Amino acid sequence: MPSSLHKTRKHIAKKRNGEVNALHEKSRDSQRLHKAGVRDQRLEKLAAARSKQERPIVDRVVFVQENLTETGNSPLDLAAVQSLIHAFIHQHDEEYATLKKARRSGRPPSTREDLLKMKIAALDIEYQKGFALPDVMTEENVKLLEDWEGSWSKLTTLTWIKVSRTGQVRKSDFPSKGIN
């Protein structure tokens, strides 16, 4: 995707019959180039923030997709879905245990250890209330999840459910605001 800076540079070069090498500091063309550069930086920053916010949902769907391929891409029953959720919540337990074991007694936990502990606790709380994931209990949604290539926009085509620890399954909307 061409950036606005690239387009502006190309337009100025076309107007000047050649390359843009020397511009006066306060000229209109240099100000246009500066504005285009600032605009591109702002858009990159927004895209990075959006990607960071979307990352937990994408990681969750990738985990579910990988586990479905291991089971042969067939729909799962409630017990299998709950074990899948349990595996997702506790996937960082080994790393957390090694960090905890490596810490000397009397020392505060490392930042990574704190982050893992908070992540596990937040996922556990979400599981009590209702853990949002793509519906892997229906054949058609399993097929859609199998064909999913990793793009954010295709996640809206999947139907979503929330599964609680007690075994309640209810339909859910696509978690566009991120999963907390």
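## Terms and basis

Two strands are said to pair if DSSP finds at least two bridges between them, and the helices (H or I, at least four residues) and strands (E, at least two) are DSSP runs, numbered from the N terminus. This is a predicted model, in which local features need pLDDT of at least 70 and side-chain atom pairs count only at pLDDT 80 or more, while totals for chains, interfaces and linings use all residues. Residues are numbered from 1 along each chain as its sequence is written, and side-chain values use heavy atoms, with hydrogens and water left out.

## The sheet and its helices

Three strands make up an open sheet in the order β1-β2-β3, and their pairing is antiparallel. At the edges lie β1 (131-134) and β3 (169-172), each of which pairs on one side only. From one strand to the next the twist averages 35°, where axes are lines fitted to C-alpha atoms, for helices over the stretch in contact, and angles run from 0 to 180 degrees between N-to-C directions.

## Aromatic rings around F131

Rings of Phe, Tyr and Trp (its six-membered ring) pair if their centres lie within 6.5 Å; planes under 30 degrees apart count as stacked, over 60 as edge-to-face and the rest as tilted. By this rule there are three aromatic pairs. One of them is formed by F88 and F131, edge-to-face at 5.9 Å centre to centre with 65° between the planes; this pair links distant parts of the chain, since F88 is in helix α3 (residues 78-89) and F131 in strand β1, 43 residues apart. Y127 and F131 also form an edge-to-face pair, at 6.4 Å centre to centre and with 90° between the planes.

F88 and F131 are buried, as is Y127, where buried means under 20% relative accessible area, exposed over 50%, and partly exposed in between (1.4 Å probe, protein chains only). Together, F63, F88, Y127 and F131 form one aromatic cluster.

## The nonpolar core

A nonpolar core is a set of buried Ala, Val, Leu, Ile, Met, Phe, Trp, Tyr and Cys residues joined through side-chain atoms within 4.5 Å. The largest has 27 residues, of which I85, F131, L133, V136 and L155 touch the most other members. At least two residues of this core come from each of α2, α3, α5, β1, α6 (139-147) and β2, and α2 gives the most, with six residues. Leaving aside neighbours within four places in sequence, I85 is in contact with Y127, F131, L133 and V163.

N73 lies in the loop between α2 and α3, and has a positive phi of about 50° although it is not a glycine. Most residues other than glycine have a negative phi. N73 counts as buried because its relative accessible area is 19%.

D29, placed in helix α2, is likewise buried, with a relative accessible area of 8%. Not counting residues up to four places away in sequence, D29 touches I12, K15, R16 and L23.

Note on methods:
Contact means heavy atoms within 4.5 Å.
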